[in-house]
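Hi,

Here is the structure I promised to pass on.

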Amino acid sequence: MELPCGRRFSFDALICLHHVIDENSSQPFNKSQILSDVNKKPYGLNGLGSGDSLGSGNYIVTVGLGTPKKDLSLIFDTGSPLTWTQCLPCSSSCYYQKDPMFDPSKSSTYINVSCKSTVCSLLASSTGYTPECASETSTCIYGIQYGDRSYSVGYFGKETITLSKYDVFDGFLFGCGHKNRGLFGRTAGLLGLGRDTFSIVQQTSNIYKRIFSYCLPTHFGGSTGHLTFGRTPVSYKDIKYTPLSTSTDIKDSFYALDLEGITVAGTKLYIPSSIFSSPGTIIDSGTVITRLPATAYKALKSAFRQFMSSYPRAPALSILDTCYDFSSYSSFKIPKISFLFGGGVVVELKPQGILYVGSVTQICLAFAGYSDDDEVTIFGNAQQQTLEVVYDAGEGRIGFGPVVCH
């Protein structure tokens, strides 16, 4: 079934090049492709859409919660183990959201989870925080915090969740957040698509077999994407699968991959294999810009700057330090960039996954580097745009397919 950025990573931290510039290693780029609507920004898409209209750099879907059903706009997040939404009453700190806040007292199907239950005790392994107990109601209290110190705390409950007219699940376990703060924009919360017990992927596994896929539209394409459970709209023969990594210490709730290299303009960068293998790589829909270890980013930046040396530079934009002023150009060339994953899977990035537009005079390489090589590489949602990405947790693999949205 189908459902209508840079925040976090939940760990404690958040060359010599030679290449020939030809049509196989570079791509001509018409400035209007990425700048035509830079001020217009047609966000607020139907189906899966950008969260910019709600003040979030991530992507959102609409799900129904409760009886009667209340529609909520949630960030969908493959790096989150838990689904949660803001709930009334707000105990001390809740942020402003566009949708009316969910009121469990108005739903005939809401049930609090007892703090004495086995389900409550399992929360610690998913969220990393030991649940507490509300003395007056004996209700299980969850807490979850992300790498940027955003957090949600509240009652752990059961409720009916509606994904479509025909896909309704009773007794869905979720967080009813009464104290929430962080970089969630004006969304109502998060739809957790991680690999943990309480993610929607695991809770619906008897129906969808732990399979889901999505396509993230570009911010300027004017189209919608999709989040689909149980299947993919793309023919399976067109999907190239890379196995989930089992060689790192990354927590099992994340989708870890074996990243084996990066190519720029057809040439593989010299990056020691240990840079990616330890501490590892994850793919994450809830992180906007791909983050690379210092050594890997230095190599990528150097190769990109060498290719773009004929264009005027522009000041850095926040964490993006390789920017250009293309205001005097009607078109320009950028190098093709590909990520090489295990199993021989090559993911060629689209132009919108290579460049980030700050303004007409400030267009930047859409990657950021850590200060050292000890952090986990994150393949973020900006680099996944327009690709069909298939998560087959049951078979332990991630697939990449051709463009299905723009």
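A quick word on naming: helices (H or I, at least four residues) and strands (E, at least two) are DSSP runs, numbered from the N terminus. This is a predicted model, so to speak of local features I need pLDDT of at least 70, while side-chain atom pairs count only at pLDDT 80 or more, and totals for chains, interfaces and linings use all residues. Residues are numbered from 1 along each chain as its sequence is written, and side-chain values use heavy atoms, with hydrogens and water left out.

Pro279 sits in the loop between helix 6 (274–277) and strand 19 (281–283), and the peptide bond joining Ser278 to Pro279 is cis, with omega about 15 degrees. There is also a cis bond from Thr67 to Pro68, with omega near 0 degrees; Pro68 belongs to the loop between strand 4 (59–65) and strand 5 (70–77).

Two serines have positive phi. For the next bit, buried means under 20% relative accessible area, exposed over 50%, and partly exposed in between (1.4 Å probe, protein chains only). Ser138 has phi of about 55 degrees and lies in the loop between strand 8 (132–134) and strand 9 (139–145); at 30% relative accessibility, Ser138 is partly exposed. Ser318 has phi near 55 degrees, lies in the loop between strand 21 (313–314) and strand 22 (323–324), and is exposed at 72%.

Now the interior. A nonpolar core here is a set of buried Ala, Val, Leu, Ile, Met, Phe, Trp, Tyr and Cys residues joined through side-chain atoms within 4.5 Å. The largest one has 76 residues, and Phe76, Tyr214, Leu227, Ile283, Ile337 and Phe339 touch the most other members. Helix 7 (residues 294–307) gives this core its largest share, seven residues. Apart from it there is another core of 18 residues, including Cys120, Tyr142, Phe184 and Phe198.

Last, a sheet. Strands pair if DSSP finds at least two bridges between them. Four strands make an open antiparallel sheet in the order 18-17-24-25, with strand 18 (267–268) and strand 25 (345–348) at the edges. Strand 17 (residues 259–264) is joined to strand 18 by two bridges, and Val264 stands opposite Thr267. Helix 7 packs on this sheet, touching strand 17 and strand 24 (337–341); contact means heavy atoms within 4.5 Å. The direction of helix 7 makes about 15 degrees with that of strand 17, where axes are lines fitted to C-alpha atoms, for helices over the stretch in contact, and angles run from 0 to 180 degrees between N-to-C directions.

Cheers
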